[in-house]
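Please keep the sequence and the model at hand while reading.

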Amino acid sequence: MIEQADILVLGLGPAGASAARAAAERGCRVVALDRKREAGVPVQCAEFVPAMIDANLAGAVRQRIESMATYVEDDAADLQADFPGHMLDRAAFDASLVAQAASAGADCRFGRRVLRIGKDGTVQLGDGNRLRARVIVGADGPRSQAGRAIGSVNTGLVETRQVTVPLRRPHAATDIFLSADIPGGYGWLFPKGGVANLGAGVDPAHRARLKPILQKLHAGLGDRVGREILATTGGAIPVGGMLKPWGRLEDTLVLLAGDAAGLANPVTGAGIASAVQSGRLAGEAAANGAAPAYQEELEDLFQAALARALRRRRELMEKVPTRAALRRGWIAYPEYWQ
């Protein structure tokens with residue numbers, strides 16, 4: 001037996017939960033699957049979002065952010081005083097979005113592992129069950145199985161490692177560390193109340209250097225953070241720009257959203273806001289089958305910013321960057337926007 005649905009959503013992060021809600025609100029029978037056993041757990045995110053998505057954050061904000069401090073090599077910090085945002089509890093945020101999707105009528109199932117997606121659109125699960133839908137929404141991350149099934153694959157990635165550490169004193173800025181010794185990425189310290197997320201991302205060719213890079217950052221911040229490591233996480237971020245966000249498997253339409261569609265910023269790695277926006281649009285498009293219009297909406301919203309970030313990233317990757325190149329490649333500096 002093959003279970004049938006109108007819309008099958010793969011992944012219940014911000015993109016998938018937003019898609020499931022939007023499609024269910026339009027009267028579709030939605031089944032949404034996630035391999036995790038609990039929404040947002042474990043957290044694989046630095047947890048910062050800009051202030052522009054305030055309306056979706058109720059109950060999940062752990063601290064307001066007011067500014068950004070950028071450290072280029074060993075220079076003093078350059079402060080961008082007006083850089084508002086929020087530090088989230090991502091697990092609570094994801095759980096809230098899933099609850100909204102379920103309230104709208106979506107059947108949200110956790111602990112479901114997708115083994116394969118057939119050429120006819122049939123989805124085979126690890127427990128032996130099979131599902132088929134007229135539309136699959138792939139919101140299953142940077143290494144999306146839905147994307148692979150239609151030939152839209154993220155080939156540019158950054159590998160990250162992050163620890164949560166005690167914060168010795170209150171802090172209301174996101175701290176960014178740029179250095180030629182962090183190839184293809186950057187370091188960060190994001191405060192979250194009494195703790196902070198301290199992490200780094202690098203080009204996959206330098207993945208073996210991630211742990212010592214992070215240890216060096218941690219040691220250099222000894223007057224600001226404690227030595228105890230409260231949690232460790234990491235993962236991949238797509239940095240190759242937007243993919244074609246739809247395709248077909250025989251009669252099944254496949255739409256991609258969030259990281260699966262390559263919508264994370266290639267410079268900053270930010271992807272929560274674009275995941276929520278693209279997920280909602282994917283759910284709407286899944287309900288009415290408007291795939292080309294969905295692609296046009298994503299391009300209108302994201303393409304210009306992603307293209308600029310991709311150019312800056314490629315410039316940084318061409319050779320060992322100077323201080324001037326690092327500044328040109330980061331959003332806090334006017335050179336980035338020229």
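Predicted model: local features only at pLDDT ≥ 70, side-chain atom pairs only at ≥ 80, totals over all residues.

Two residues are in contact when they have heavy atoms within 4.5 Å of each other.

Helix α4 spans residues 210–220, and its buried residues are Leu210, Ile213, Leu214, Leu217 and His218. Seen down the axis of α4, these buried residues fall within an arc of 135°, and they therefore line one face of the helix. An α-helix has 3.6 residues a turn, so residues three or four places apart point the same way. The face of α4 that is turned away from the buried side carries the exposed residues Lys216, Ala219 and Gly220.

## Nonpolar cores

The largest nonpolar core has 62 residues, and those with the most contacts inside it are Ile7, Leu8, Val30 and Leu255. Helix α5 (residues 272–288) contributes the largest share of this core, with seven residues. A second, separate core has 19 residues, among them Met87, Leu178, Tyr186 and Trp188.

What surrounds Val30, once its neighbours within four places in sequence are left aside? Val30 is then in contact with Ile7, Val9, Ala20, Ala23, Ala24, Ala106 and Asp107, and Ile7 is, like Val30, listed with the residues that have the most contacts inside the largest core.

## The second largest pocket

The second largest pocket has a volume of about 390 Å³. Its lining consists of 16 residues, of which Glu73, Phe177, Ser179, Lys216 and Leu217 lie nearest the centre of the pocket. Strand β13 and helix α4 each supply at least two residues of this lining, and α4 gives the most, with four residues. Of the residues nearest the centre, Leu217 is a buried residue of α4, whereas Lys216 is carried by the face of that helix turned away from its buried side.

Ser179 lies in the loop between β13 and β14. Is Ser179 buried or exposed? Ser179 counts as buried because its relative accessibility is 13%, which is under the 20% cut-off. The side chain of Ser179 reaches the backbone nitrogen of Asp181 at 3.0 Å, and Ser179 also touches Glu73 and Leu326 when residues up to four places away in sequence are not counted.

## Backbone details

Glu73, which touches Ser179, lies in the loop between β5 (67–72) and β6 (78–80). Glu73 has a positive phi of about 50° although it is not a glycine. With a relative accessible area of 29%, Glu73 is partly exposed.

Glu250 is found in another loop, between β17 (246–249) and β18 (252–256), and phi of Glu250 is near 55°, which is again a positive value in a residue other than glycine. Glu250 counts as exposed, because its relative accessibility is 58% and the cut-off for exposed residues is over 50%.

Notes. Residues numbered from 1 in each chain as written. Heavy atoms only, no water. Core = buried A, V, L, I, M, F, W, Y, C linked by side-chain atoms within 4.5 Å. Buried < 20%, exposed > 50% of the residue type's maximum accessible area, 1.4 Å probe, protein only. Arc of directions from axis to C-beta. Polar contact = N/O pair within 3.5 Å; in protein donor to acceptor, adjacent residues only side chain to side chain. 1 Å grid on protein atoms, 1.4 Å probe; cavity = no way out; pocket = protein on both sides within 12 Å on 5 of 7 lines; lining within 4 Å. Points joined across faces, edges and corners; volume = space filled by probe spheres on them.
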